[in-house]
Amino acid sequence: MKVLMLNGSAKANGNTYTALLEVGKQLEKEGISYEIVQIGAKPIRDCIGCGKCNENGCVFTDDEVNAFVAKAREADGFVFGTPVYYAHPSGRILSFLDRVFYSSSQVFRFKPGASVAVARRGGTTASFDCLNKYFGISQMPVAGSTYWNQVHGRVPGEAALDEEGLQTMRNLARNLAWMMKCFEAGREKGIGLPEMERGVMTNFIR
Ligand SMILES: Cc1cc2nc3c(=O)[nH]c(=O)nc-3n(C[C@H](O)[C@H](O)[C@H](O)COP(=O)(O)O)c2cc1C
């Protein structure tokens, strides 16, 4: 089984990476492989609501959104990590994930996910809440830890000094691994996915 992670920082080796790496190292101890996709510093388009998403994903092909979806198809669980900017996730991870989920949310359904927020000091829980919204609307069970999933640090490397933050990351990995193993055991026992009601879209109450 594999966990796909997304680092929403432009810095490949910053504090968000340190936090995700701690999750990854613990996942490997649980027998689960991982990959960290770096969102990087290149421009990322916003979703423009064109409604032209298709079986190939988003119509814009000049960044890594559709490549990420292809990896997500093969993954069994997810961790999205972001630096905190003005008490919200980085603009680039929101632009990226809006397009990933608007074009391809079915790829994520019934696979567990977790978000991680990394900050110098404040805005972590607001950012954490924001990223968790992608999971809730996509029928994804959410993995928690022994604290909200946050790590503190300012300049790259400082996150390694946040012992409680790193412990939270390791416990998150343990919980995520446990959920993934439980789901696999359920599948092997023949427990199918729930059937959903579809067809009603009430945009406002008359
Ligand atoms: C534009 C900008 C806004 C920031 N806003 C906050 C903030 O609201 N709260 C906070 O604690 N840290 C804030 N920071 C600090 C970063 O969250 C912190 O340095 C973090 O460790 C960066 O993660 P990275 O190394 O993975 O990029 C901000 C940094 C930048 C560049």
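Visitor: In which loop is glutamine 139 found?
Guide: This is a predicted model, in which local features need pLDDT of at least 70 and side-chain atom pairs count only at pLDDT 80 or more, while totals for chains, interfaces and linings use all residues. Residues are numbered from 1 along each chain as its sequence is written, and side-chain values use heavy atoms, with hydrogens and water left out. Helices (H or I, at least four residues) and strands (E, at least two) are DSSP runs numbered from the N terminus. On that numbering, glutamine 139 is found in the loop between helix H4 (124-136) and strand E6 (150-152).

Visitor: Is glutamine 139 buried or partly exposed?
Guide: Buried means under 20% relative accessible area, exposed means over 50%, and partly exposed lies in between, computed by the Shrake-Rupley method with a 1.4 Å probe and with only the protein chains shown counting as cover. Glutamine 139, which has a positive phi of about 55° although it is not a glycine, has a relative accessible area of 22%, and therefore it counts as partly exposed.

Visitor: What is the phi of phenylalanine 110?
Guide: Phenylalanine 110 sits in the loop between helix H3 (91-104) and E5, and its relative accessible area of 22% makes it partly exposed. Although it is not a glycine, phenylalanine 110 has a positive phi of about 65°.

Visitor: Which residues come nearest to the ligand?
Guide: A residue is near a molecule if one of its heavy atoms lies within 4 Å of it. There are 16 residues around the ligand, and those that come nearest are Ser9, Thr16, Val84, Arg121 and Gly122.

Visitor: How far is a backbone N or O atom of valine 84 from an oxygen atom of the ligand?
Guide: A polar contact is a pair of N or O atoms within 3.5 Å; within protein, one must be able to donate a hydrogen and the other to accept it, and residues adjacent in sequence count only if both atoms are side-chain atoms. An N or O atom in the side chain of serine 9 is 2.6 Å from an oxygen atom of the ligand, and a polar side-chain atom of threonine 16 lies 2.7 Å from a ligand oxygen. For valine 84, the distance from a backbone N or O atom to an oxygen atom of the ligand is 2.8 Å.

Visitor: Which element gives the largest share of the shell around the ligand?
Guide: Helix H1 (15-29), strand E3 (77-85) and strand E5 (113-119) are the elements that give two or more residues to this shell. The largest share, 3 residues, comes from E3.

Visitor: How far apart in space are leucine 176 and glycine 77?
Guide: Leucine 176 lies in helix H5 (residues 163-188) and is buried, with a relative accessible area of 0%. Although leucine 176 and glycine 77 are 99 residues apart in sequence, their C-alpha to C-alpha distance is 7.6 Å.

Visitor: Why is the pair of phenylalanine 68 and phenylalanine 80 described as it is?
Guide: Rings of Phe, Tyr and Trp (its six-membered ring) pair if their centres lie within 6.5 Å, and planes under 30 degrees apart count as stacked, over 60 as edge-to-face and the rest as tilted. A search of the whole structure finds 9 aromatic pairs. Because the rings of phenylalanine 68 and phenylalanine 80 have their centres 6.4 Å apart and their planes at 55°, the pair is tilted.
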